[in-house]
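Colleague: I am new to this structure. Please take me through it step by step.

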Protein chains: 2
Amino acid sequence: MINPFDDTYFMKKALQEAEIAFDKGEVPVGAIIAVENRIIARAHNLTECLNDVTAHAEMQAITAAANFLGGKYLHQCTLYVTLEPCQMCAGALYWSQIPKIVYGASDVERGFRAMGTTLHPKTKVVSGVLEEEASNLLKQFFIQKRNLN
Amino acid sequence: MINPFDDTYFMKKALQEAEIAFDKGEVPVGAIIAVENRIIARAHNLTECLNDVTAHAEMQAITAAANFLGGKYLHQCTLYVTLEPCQMCAGALYWSQIPKIVYGASDVERGFRAMGTTLHPKTKVVSGVLEEEASNLLKQFFIQKRNLN
């Protein structure tokens with residue numbers, strides 16, 4: 001049987017968040033947290049609007065999901081994020097004990113893999129879901145930014 | 001000439017924040033951010049009260065300091081924190097480009113040193129300031145917690 005609620009479905013929702021960030025002049029990264037095929041948190045990068053390095057999409061999604069659940073552990077959740085999490089976000093995900101992280105584009109310079117950040121032993125990672133779409137949006141953002149300066 | 005505004009002075013202020021966390025039933029960690037001998041942010045761990053793994057003292061202090069400064073980089077700031085930052089907080093400090101971090105007690109299990117988190121190349125670290133006081137407060141907290149359960 002076809003499951004419409006697969007990783008691609010939720011990553012598309014994360015990409016929609018990344019597009020909202022793009023329109024605000026933010027580095028376009030979006031995140032979704034889902035539980036049992038239900039979205040409980042949506043967020044996009046707001047570091048420029050909020051003047052706050054901690055306002056990555058994942059951080060806001062973690063806070064929003066915990067608020068929704070009424071508990072700080074995201075035990076049955078999956079995070080979908082368009083770009084590989086950095087060490088700050090991976091560190092927060094470690095504390096959340098989230099069982100699954102799905103990301104789109106890799107960040108070979110500042111992603112948690114290159115930085116050697118430790119995830120929680122219970123956390124599984126899926127990478128490359130809608131990677132090209134996420135990556136193209138980021139490239140488009142940086143090209144546009146360069147042309148404006 | 002004696003400088004009353006040394007690392008010990010500011011760490012005492014961070015310890016006062018840790019004591020506030022203790023009284024709230026939070027793991028007692030406190031943080032201060034100072035610029036030119038002026039405190040611009042005070043915070044303590046609120047992960048239990050807020051049900052949020054991202055509510056470490058350092059994270060809140062970073063957000064508060066950036067808000068005070070009107071910019072996301074903490075270029076002339078020093079962070080004082082009673083316990084060695086974890087990988088999430090060290091990751092946030094990396095993005096903030098903060099030039100100096102001073103911490104009290106070491107966290108040999110989950111501190112950024114053991115976890116191998118990368119700090120910004122401009123960041124210098126001083127450790128062990130009022131280490132015993134910070135460590136004793138943490139021990140007292142965990143002993144009390146064990147006796148209550």
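Modeller: A definition comes first: a salt bridge is a side-chain nitrogen of Lys or Arg within 4 Å of a carboxyl oxygen of Asp or Glu. This is a predicted model, where local features need pLDDT of at least 70, side-chain atom pairs count only at pLDDT 80 or more, and totals for chains, interfaces and linings use all residues. Residues are numbered from 1 along each chain as written, chains are lettered from A and ligands numbered from 1 in written order, and side-chain values use heavy atoms, without hydrogens and water.

Colleague: How many salt bridges does the rule find across the interface of chain A and chain B?

Modeller: Side chains of opposite charge can pair when their charged atoms come close. One pair is A:Lys72 with B:Glu48, at 2.6 Å from N to O. Over all chains the rule counts four salt bridges. Across the interface of chain A and chain B the number is two.

Colleague: Which residue does A:Lys100 meet in a salt bridge?

Modeller: A:Lys100 sits in strand 4 (residues 100-105) of chain A, and its partner lies in helix 1 (residues 7-23), 93 residues apart. Helices (H or I, at least four residues) and strands (E, at least two) are DSSP runs, numbered from the N terminus. The N to O distance is 3.1 Å, and the partner is A:Asp7.

Colleague: What area do chain A and chain B bury between them?

Modeller: Buried area is the accessible area (1.4 Å probe) that two parts lose on being put together, summed over both. Of this area, 59% is on carbon and sulfur atoms, and the total is about 2400 Å².

Colleague: Which element of chain A gives the most residues to the side that touches chain B?

Modeller: In polar contact (a pair of N or O atoms within 3.5 Å; within protein, one must be able to donate a hydrogen and the other to accept it, and residues adjacent in sequence count only if both atoms are side-chain atoms) are 12 residue pairs between chain A and chain B, both at pLDDT 80 or more. Two elements of chain A give two or more residues to its side: helix 2 (57-69) and helix 3 (87-96). With seven residues, the top contributor is helix 3.

Colleague: What ipTM does the predictor give the complex?

Modeller: The pTM is 0.96, and the ipTM is 0.95.
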